[in-house]
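Here's a quick briefing for anyone opening this one up for the first time. Have a look at the model below, then read on.

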Amino acid sequence: MMRTKIAGIGMYVPENVVTNEDLTKVMDTSDAWIQERTGIRERRFATRFEDTTATMGAEAARRAMERAGVTAADIDFIIFATLSPDYYFPGCGVLVQRQLGMGEIGALDIRNQCSGFVYGLSIADQFIKTGMYKNILLIGSETHSYALDFSTRGRNVSVIFGDGAGAVVLQPTDHPNQGILSTHLHSDGNDAESLSMPNPGFHGGKLWDKVKPVQPDQPYGGMFITQDLLDKDDLYPYMDGPAVFKKAVVKFPEVIREALTKNQLSAKDISLLIPHQANLRIAQFVQQELGLSAEQVHNNIQRYGNTTAASVPIALCEAWELGKVKEGDLVCLAAFGSGFTWGSALLRW
Ligand code: UT7
């Protein structure tokens, strides 16, 4: 049976390193608090007027295409996962198509936040298995730093996130011991606003009760970006950290076990688990819960922070570059985040 393989992988992170100590200069926080609660030591921030979510994604894509031995002309579909697009619309997929000089191929943007890359992988897998496409470019890219609240008020969110991009080129393979074995996607919208950025939105002022309602100052239009909203600085992401944490530590192991059971495998068979880099404490909990050794899990949140849709491909790329992923290895990818949405993928490298 035809499967989908990762033919090439690449990553790009901006040069600008921002340490916890740097953040203490703009808000009331400490290196000790951030490290103890999240494991993060530093993250990368994009350079204004230079890096964007699309340009970083295109750079990661270039590296992935080079490693896959393909050119822009070979790519027949783009999937772009991000929660921080350059524009409200159009999405970043077409910006990459333009920047890399690709043909008039399909470009799909997906909005699944932290699980965007795993969702994208699943979508690509279906297109490849049906024979519709032969070279899909899947990108996860984020520029959080342009839109976070770096005052003390926003510290529970802003110390966590970082910028960067990862990309893969996906191709069909008929090798019996290679490729994606299965993908598993889930959602639960009951807590949709627990990790959200409601403004600017097309919600027409009907908002979840914990988000302040905004009175439009004109009868039509304005997209609810009112002076009131600007005055209250209410244009930032909202996160109920403890609620997200509690759900994540249940759903991560659950969806990994689902993938293992589906393939009649067990946790000891996993060569490397790449969990979405949400919080080192979450990854460590998952490791413990599944009885995995430290060598079976790759974490790099310490150096990059949480890069949402980019975190899985960045961690996978880094692990591959370090020689931690070898031919025939069983690799498990898993993610959980805003929505809530979560998912896993099991693949043979
Ligand atoms: O990838 C997307 C999915 N997101 C996640 O998975 C995030 C999941 N949640 C978390 O990782 C954690 O909830 C956080 C790291 C965000 C927060 O850690 P926590 O242990 O849950 O802290 P908390 O929000 O319960 O806050 C504890 C205290 C509060 O002070 P009081 O009320 O106890 O006096 C906060 O005001 O820590 C305070 N605090 C901070 N102090 C210093 C919150 N943020 C900071 C900060 N620096 N940056």
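Let's start in the loop between β3 (42–44) and α3 (53–68), where you'll find Phe-49. Helices (H or I, at least four residues) and strands (E, at least two) are DSSP runs, numbered from the N terminus. Keep in mind that this is a predicted model, where local features need pLDDT of at least 70, side-chain atom pairs count only at pLDDT 80 or more, and totals for chains, interfaces and linings use all residues. Residues are numbered from 1 along each chain as its sequence is written, and side-chain values use heavy atoms, with hydrogens and water left out.

- Most residues other than glycine have a negative phi, and most peptide bonds are trans.
- Phe-49 has a positive phi, near 70°, and isn't a glycine.
- Going from Phe-89 to Pro-90, the peptide bond is cis, with omega near 0°.
- Pro-90 sits in the loop between β4 (77–81) and α4 (92–99).
- There's also a cis peptide bond from Gly-339 to Phe-340, with omega near -10°.
- Phe-340 belongs to the loop between β12 (330–337) and β13 (341–348).

**Who surrounds the ligand**

- The ligand has 20 residues around it, and the closest are Thr-29, Arg-37, His-276, Asn-279 and Asn-306; a residue counts as near if one of its heavy atoms lies within 4 Å.
- That shell splits into eleven nonpolar, seven polar and two charged residues. Here Ala, Val, Leu, Ile, Met, Phe, Trp, Tyr, Cys and Pro count as nonpolar, Asp, Glu, Lys and Arg as charged, and the others, Gly among them, as polar.
- Domain 1 (3–173) and domain 2 (179–191 + 239–348) each supply at least three residues of the shell, with bounds from an automatic or database domain assignment.
- α8 gives the most to the shell, with four residues.

**Polar contacts and cover**

- A side-chain N or O atom of Trp-33 is 3.2 Å from an oxygen atom of the ligand; a polar contact is a pair of N or O atoms within 3.5 Å.
- For Asn-279, a polar side-chain atom lies 2.7 Å from a ligand oxygen.
- In Asn-306, a side-chain N or O atom is 2.6 Å from an oxygen atom of the ligand.
- On its own the ligand has 950 Å² of accessible area, and the protein covers 71% of that (Shrake-Rupley method, 1.4 Å probe).

Conventions:
Polar contact = N/O pair within 3.5 Å; in protein donor to acceptor, adjacent residues only side chain to side chain.
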